[in-house]
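Subject: Structure handover

Hello,

Here is the structure we talked about. Please open it alongside this note.

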Amino acid sequence: MKKFFKKCDIIIYAIILIIVVVLFLVFLLPKNSKVKYFEIYYKNEMIYIYDCELKSGKILSPKCLQRVEENGKTTVTVQHSGCKNVILIENNTVKMVESNCSGQECVHNFQRITSVGDVIICVPNNLKIVAKSDSTNIPFIPSGKRDCKTY
């Protein structure tokens, strides 16, 4: 009588199962990385960075025209070429609260950013917000009183 599975078949199935389990663990389990920075990009150029540990941000480009801090909340208004986005940073989270783009997907369809790797994208206004645990492009944010209108 012929065996249904040969010894080689079982070894191959076991290897495939191990690969699937490892991929599941790597990609689907939540990461425990703490959000340290929020970066705002316009056309893939970083225009604003917020340091969650220092509770301070820095304007890197004149495209980011206004930043208001009050009661533990930071509101960043990005204006360019007739486009406007208003971003709210509070309690180490970020939310797009206003945009003049058509469709308003960036305001209504994206949840508040709370985890590393979360992203909010406004395609019509070429804007992207990313949460990171570290950054290689971090500009110097001086300690003490901060004047964030540094270009």
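What share of the 151 residues of the protein chain counts as buried? The figure is 34%. Keep in mind that this is a predicted model.

Overall picture

The accessible surface of the protein chain is about 9,900 Å². Carbon and sulfur atoms account for 58% of that surface. The chain holds 2 helices and 9 strands. Along the sequence the order reads α-β-β-β-β-β-β-β-α-β-β. Take the contacts between residues at least 6 apart in sequence: 40% of them join residues at least 24 apart.

Confidence

Mean pLDDT for the protein chain is 82. A value of 70 or more is reached by 83% of the residues. Among the elements, strand E7 (residues 93-99) has the highest mean, 93. Strand E4 (residues 64-70) has the lowest, 79. Residues 140-151 need a flag: pLDDT stays under 50 there. The model has 22 contacts beyond four places in sequence for that stretch.

The sheet

Five strands form an open sheet, in the order E3-E2-E1-E9-E8. The pairing is antiparallel. Strand E3 (56-59) and strand E8 (119-122) sit at the edges. Each has a single partner strand, so one side of each is left without a neighbour in the sheet. On average, neighbouring strands are turned by 15° against each other, direction ignored. E2 (residues 45-51) and E3 are joined by 4 bridges. Across that pair, Ile49 stands opposite Lys58 in E3.

The cores

The largest nonpolar core has 24 residues. Which of them touch the most other members? They are Phe38, Ile40, Tyr48, Ile87, Met96, Leu127 and Ile129. Several elements each supply at least two residues of this core, including strand E1 (37-42), strand E5 (73-80), helix H2 (105-108) and strand E9 (127-132). Another core of 5 residues lies apart from it; Tyr41, Met46, Ile49 and Val130 are among its members.

Leu127 is worth a click. Leaving aside neighbours within four places in sequence, its contacts include Ile40, Ile87 and Met96. Val78, Ile120 and Cys122 are also among the contacts of Leu127.

Asn125 is in the loop between E8 and E9. Is this residue buried or exposed? Asn125 is buried, because its relative accessible area is 3%, and the cut-off for buried is under 20%. Beyond four places in sequence, Asn125 is in contact with Tyr42, His80, Cys83, Lys84, Asn85, Ser99, Asn100 and Cys101.

Glu90 belongs to strand E6 (residues 83-90). At 16% relative accessible area, Glu90 also counts as buried. Not counting residues up to four places away in sequence, Glu90 touches Gly72, Lys73 and Arg112.

Backbone points

Most residues other than glycine have a negative phi.

- Ser81 has a positive phi of about 45° and is not a glycine. Ser81 is in the loop between E5 and E6. Its relative accessibility is 71%, so Ser81 counts as exposed.
- Asn92 has a positive phi of about 60° and is not a glycine either. Asn92 is in the loop between E6 and E7. With 25% relative accessibility, Asn92 counts as partly exposed.

Best regards

Note on methods: Residues are numbered from 1 along each chain as its sequence is written. This is a predicted model: local features need pLDDT of at least 70, side-chain atom pairs count only at pLDDT 80 or more; totals for chains, interfaces and linings use all residues. Side-chain values use heavy atoms; hydrogens and water are left out. Two strands pair if DSSP finds at least two bridges between them. Axes are lines fitted to C-alpha atoms, for helices over the stretch in contact, and angles run from 0 to 180 degrees between N-to-C directions. Buried means under 20% relative accessible area, exposed over 50%, partly exposed in between (1.4 Å probe, protein chains only). Contact means heavy atoms within 4.5 Å. Accessible areas come from the Shrake-Rupley method with a 1.4 Å probe; for residues, only the protein chains shown count as cover. pLDDT is the predictor's confidence in each residue, from 0 to 100. A nonpolar core is a set of buried Ala, Val, Leu, Ile, Met, Phe, Trp, Tyr and Cys residues joined through side-chain atoms within 4.5 Å.
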